[in-house]
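Visitor: I would like to learn how the words used for a protein model are tied to numbers. Could you take me through it step by step?

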Amino acid sequence: MSDASARPGRAATLRGMAWMALAGFLFCLLNAIARRLAQELDPFQTQFLRYLAGLVVLLPFMLRTGLLAWRPHDIRGQAWRGAVHTAGLLLWFWALPHVPLADMTAIGFTGPIFIMAGAVVFLGEPMVRARWIAAGIGFLGVMVVVTPQFTGSGEGFWSLVMLASAPLFAASFLITKALTRRDRPEVIVAWQAITVALFTLPFALPSWTWPSAEQWGWFLLTGLLGSAGHWCLTEAFRIADMSATQPVKFIDMIWAAALGWLVFSDVPAATTFAGAAIIFAATTWIARREARRR
C-alpha cells in the first residue's frame, strides 16, 4: 500500500480533530473542577481522591470482564510508571490552586517538547537539529508566559513548580509507550489509577479533611471526565494523523480562558496568549516536519 493510500481521508481527519477538541474541553473541565477542589481541600488529598475516583469509574468494567483480564504483563514497569507520574502530579497539584487555567494550559503545551528530548536521551532516537530548534522556541514561549508573573507576589514561583512537572509527565509517557508493547491501553489506564492512588495516599493523610457529599460528587465527576477525555484522545490518534490533530490543541486555550473567567474570575494576560501561541507554533511545526520525514 502506498503512503498516499495509507493516509486517513479528509472525513477521518475531521473526525479526529473533533475528538481532539472534545478531549481538550473535557480536560479543561476536569482541571477547573480539580482546581476548585484543591482550593477547598488539601491539594495532595485532592490528587489522591481524583485518581481513586478514576479507579471507581473503571471498577465496574474490571469486575464485568474479570480481574485476571486486567493483570499486567509488566507489573514492575507499571509501578515505575505510577511512581514517576505521581512525582509529576505532586508538583502539579501543589501548584494547581495558584495558577490560572489559561497559564496552566499554556505550560502544558511544553509536554511534546520534553517528550521529544526524552526520546533522544532515553530511547536512543537520533538528535535532529530541528527538534532542538523547536525545543528552544518552546522554552521561549514558556518564558513569555511566566516571566511577567515575577512581581514578588509568588505567582511566578507556582508557574515554575507546574513547569517542573512537565518533564516528569513526559517520562511517564515514554514509559507508557514501552508498556503498550505488552499491555492493553485500558490495563495501563487502570494500573495508573491504582498505583497513583497508592503512592499519593501517604501525602494525602497528614492534612486529611473528610469531603462533603457534594465534594464526593465532584470527585466522581473528575473520574468520569478523566476517563472520557483519555478515550477521546485515543480515538483522535487512532483515526487521524497525530500531526493533523495538534493544531486543534490550541482551542484548549479558549476553553481554559473561558472557564477561568466564568469560575474563578481569571482574566488571562496578553502574554499568556502570546506565549501559548509561540509554544503551539513550535510544537505544531516539529510535529508536521516529523510527519513529512516519516
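Visitor: What volume does the largest cavity have?

Guide: The largest cavity has a volume of about 120 Å³, a volume being the space filled by probe spheres set on grid points that are joined across faces, edges and corners. This is a predicted model, in which local features need pLDDT of at least 70 and side-chain atom pairs count only at pLDDT 80 or more, while totals for chains, interfaces and linings use all residues. Residues are numbered from 1 along each chain as its sequence is written, and side-chain values use heavy atoms, with hydrogens and water left out.

Visitor: What makes a space in the structure a cavity, and how many of 30 Å³ or more does a search find?

Guide: On a 1 Å grid over the protein atoms alone, a cavity is a set of points where a 1.4 Å probe fits but cannot get out, and lining residues have an atom within 4 Å of a point. The search of the whole structure finds three cavities of 30 Å³ or more.

Visitor: Which residues line the largest cavity, and which element gives the largest share?

Guide: Among the lining residues are Arg50, Tyr51, Leu55, Val189, Gln192, Ser227 and His230. Two or more residues each come from helix 3 (43–65), helix 9 (185–204) and helix 10 (213–239), where a helix is a DSSP run of H or I with at least four residues, numbered from the N terminus. Helix 3 gives the largest share, five residues.

Visitor: Why are helix 3 and helix 4 called oblique to each other?

Guide: Helix 3 and helix 4 (residues 75–95) pack at an angle of about 130°, with their axes 9 Å apart; the axes are lines fitted to C-alpha atoms over the stretch in contact, and angles run from 0 to 180 degrees between N-to-C directions. Angles under 35 degrees count as roughly parallel, over 145 as roughly antiparallel, 65 to 115 as roughly perpendicular and the rest as oblique, and helix 3 and helix 4 are therefore oblique.

Visitor: What makes helix 3 and helix 9 roughly antiparallel?

Guide: The axes of helix 3 and helix 9 cross at roughly 150° and come within 8 Å, and that angle makes helix 3 roughly antiparallel to helix 9.

Visitor: Which residues of helix 3 and helix 9 meet?

Guide: Contact means heavy atoms within 4.5 Å, and the residues that meet include Phe44, Phe48 and Leu55 in helix 3 and Val189, Ala193 and Phe203 in helix 9.

Key
On a 1 Å grid over the protein atoms alone, a cavity is a set of points where a 1.4 Å probe fits but cannot get out, and a pocket is an open set with protein on both sides within 12 Å along at least five of seven lines; lining residues have an atom within 4 Å of a point.
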